[in-house]
Amino acid sequence: MKKIKLAIIGIGHLGARHLKCASQLSDKVELTAICDTKTARTRKLADHYGVTLFKNYQKLLGRVDAVDIAVPTVFHHEIAKFFLQNKVHVFVEKPITKTLEEADELIELAGQNNLKLQVGHVERFNSAFMAITKLTKHPVFIECHRLNKFPNRSLDIGVVEDLMIHDLDILLSLNACPVKEFHAVGMNVLTDKEDIASVRLVFENGCTCNLTASRISEDVMRKIRIFTRNTYISLDYMQQAAHIYKKKGPLILKHSLPIQKEEPLKQEIESFIDCVREDKSPVVPGAAGRNALEIALKICEDIKRNREKVFKK
């Protein structure tokens with residue numbers, strides 16, 4: 001089976017990680033080029049990985065089968081649209097786009113041209129999460145905490161679209177039904193976007209979820225706790241560890257799941273490449289990315305409304 005000619009577009013902090021992971025898939029990937037407007041910063045990386053450096057992404061046309069887009073969110077639609085129109089498979093980091101209309105256009109283009117469009121919700125490829133997916137049938141209550149130190153990057157979006165959207169995608173993957181209602185609060189502290197947010201969300205099947213996200217925390221935490229009728233699962237994304245607590249009579253028994261730890265980002269990129277090579281559907285297709293974005297945007301609107309109510313008092 002032929003190797004997929006791949007280019008990485010956007011070589012910032014995250015794009016550099018994408019580049020490193022893609023370079024480790026040499027049996028499946030021919031890493032053709034990298035593209036970034038700040039060429040001075042990326043020249044050393046291009047030389048290190050032995051790839052051609054471009055400043056204009058349109059120059060990649062004819063050289064690649066697929067692209068990995070890791071630029072700021074505001075540019076996702078423009079770049080992804082260009083490649084989908086020109087019959088190139090697209091992996092784009094989360095959130096899929098700035099607006100739902102932009103997301104819909106990308107999804108339609110991918111479908112019309114029979115192309116793969118995968119969105120970068122990397123927690124789906126966390127070894128611990130993959131180990132518990134079959135154990136989370138009919139969740140009743142879910143609690144998510146995603147805390148980070150101030151990043152000095154990805155400041156074109158708030159903490160909901162930057163961090164909480166990972167957990168929103170996970171929740172949507174665990175609950176195959178619509179969201180019934182939610183209440184959101186948040187504050188902008190160091191930026192003009194919300195830097196901390198808390199949401200209580202209820203699905204139509206009754207599952208209730210509490211989500212907290214912060215990018216101004218002293219501590220770093222990425223955890224989810226899932227409660228079913230007689231089972232409680234605690235998962236740490238950073239440690240790739242999961243513990244299961246089961247009720248047995250008057251006792252609660254705990255055991256740890258055996259997990260073979262892997263680099264989630266590498267797993268994610270490899271999955272995308274396999275979808276292209278084997279004509280399979282992505283684990284996180286454009287529609288899933290759109291669904292997470294839709295809830296994230298509604299949460300941002302609710303935060304704004306509730307904040308305005310407080311300040312009017």
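Reply: Arg290 and Glu294 are four residues apart in helix H8, so about one helical turn separates them. In this predicted model, their side chains meet in a salt bridge, with an N to O distance of 3.4 Å. Arg290 has a relative accessible area of 19% and is buried, because the cut-off for that term is under 20%. Glu294, with a relative accessible area of 24%, is partly exposed.

Asp104 is partly exposed, at 33% relative accessibility. Together with Lys298, the residues Asp104, Arg290 and Glu294 are linked in a network of salt bridges. Side chains of opposite charge can pair when their charged atoms come close.

The whole structure has 18 salt bridges by the search used here. Another of them joins the side chains of Asp65 and Lys2, at 3.8 Å from N to O. Asp65 sits in the loop between strand S3 (52-54) and strand S4 (66-69), and Lys2 in the segment before strand S1 (4-9), so this pair ties together parts that are 63 residues apart in sequence. Lys2 is exposed, with a relative accessible area of 56%.

The nonpolar residues come next. In soluble globular proteins, nonpolar side chains tend to be buried together. The largest nonpolar core here has 38 residues, and those with the most contacts inside it are Ile142, Val160, Met164, Leu211 and Ile299. Helix H6 (residues 159-174) supplies the largest share of this core, nine residues. Apart from this core lies another, of 33 residues, which includes Leu100, Leu115, Leu293 and Leu297.

Val160 shows what one member of the 38-residue core touches. Leaving aside neighbours within four places in sequence, Val160 is in contact with Ile165, Glu194, Ala197, Ala296, Ile299, Cys300 and Ile303.

Notes: Residues are numbered from 1 along each chain as its sequence is written. This is a predicted model: local features need pLDDT of at least 70, side-chain atom pairs count only at pLDDT 80 or more; totals for chains, interfaces and linings use all residues. Side-chain values use heavy atoms; hydrogens and water are left out. A nonpolar core is a set of buried Ala, Val, Leu, Ile, Met, Phe, Trp, Tyr and Cys residues joined through side-chain atoms within 4.5 Å. Buried means under 20% relative accessible area, exposed over 50%, partly exposed in between (1.4 Å probe, protein chains only). Helices (H or I, at least four residues) and strands (E, at least two) are DSSP runs, numbered from the N terminus. Contact means heavy atoms within 4.5 Å. A salt bridge is a side-chain nitrogen of Lys or Arg within 4 Å of a carboxyl oxygen of Asp or Glu.
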